[in-house]
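I opened this entry to look up a fold, a helix pair and some charged side chains. My notes are in the order in which I checked things.

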Amino acid sequence: MSAAAIDELVGWALIDERIREDLLGSRRAEVLARYDLTEEERTWLLQVRAKDLTDFAAAAARWIEHRSPRDNHPYPYFPFA
């Protein structure tokens, strides 16, 4: 899982207008090729339909959440003495 690469991609898109425009436009594949993504992630991110970076980032966050292992317990286990 390349959550760090996806985070880096969205971070750069926030601060670099050209990356943002390319990511949301017809050059998305070129932008994604610069990051250490799995083939599955790259394919999925190419299919995202986003009108702006907020939409893209939300879709990326859902992908990361969906792919991350689920913990059945929302809080860490602390045994009591």
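**Ground rules.** I worked from a predicted model, in which local features need pLDDT of at least 70 and side-chain atom pairs count only at pLDDT 80 or more, while totals for chains, interfaces and linings use all residues. I number residues from 1 along each chain as its sequence is written, and my side-chain values use heavy atoms, with hydrogens and water left out.

**Overall make-up.** I found 5 helices and 0 strands in the protein chain. Helices (H or I, at least four residues) and strands (E, at least two) are DSSP runs, numbered from the N terminus. Read from the N terminus, the order is α-α-α-α-α. I then looked up burial: 31% of the 81 residues of the protein chain count as buried. Buried means under 20% relative accessible area, exposed over 50%, and partly exposed in between (1.4 Å probe, protein chains only). I also looked at contacts, meaning heavy atoms within 4.5 Å. Among contacts in the protein chain with a separation of 6 or more, 51% join residues 24 or more positions apart.

**Helices α1 and α2.** Two packed helices are described by the angle between their axes and the distance between the axes. I looked up both for α1 (residues 3–15) and α2 (residues 17–24): their axes come within 5 Å and cross at roughly 120°. Axes here are lines fitted to C-alpha atoms, for helices over the stretch in contact, and angles run from 0 to 180 degrees between N-to-C directions. The two helices are therefore oblique to each other; under 35 degrees counts as roughly parallel, over 145 as roughly antiparallel, 65 to 115 as roughly perpendicular, and the rest as oblique. From α1 the contact uses L9, W12, A13, L14 and I15, and from α2 it uses E17, I19, R20 and L23. By class I noted 7 nonpolar, no polar and 2 charged residues in this contact. Ala, Val, Leu, Ile, Met, Phe, Trp, Tyr, Cys and Pro count as nonpolar, Asp, Glu, Lys and Arg as charged, and the others, Gly among them, as polar.

Leaving out residues up to four places away in sequence, D22 touches R27, R28 and V31. G25 lies in the loop between α2 and α3 (28–32), and is partly exposed at 35%. I also found G25 and D52 to be 9.9 Å apart, C-alpha to C-alpha, though 27 residues apart in sequence.

**Salt bridges.** How many salt bridges are there? I counted 4, taking a salt bridge as a side-chain nitrogen of Lys or Arg within 4 Å of a carboxyl oxygen of Asp or Glu.

- E30 and R27 meet at 2.7 Å, N to O; E30 is partly exposed at 41%, and R27 is partly exposed at 31%.
- E39 and R42 have their closest N and O atoms 3.9 Å apart. They are separated by about one helical turn, because they lie 3 residues apart in helix α4 (residues 39–47). E39 is exposed at 56%, whereas R42 is buried at 18%.
- K51 and D55 meet at 3.6 Å, N to O; K51 is exposed at 69%, and D55 is partly exposed at 28%.
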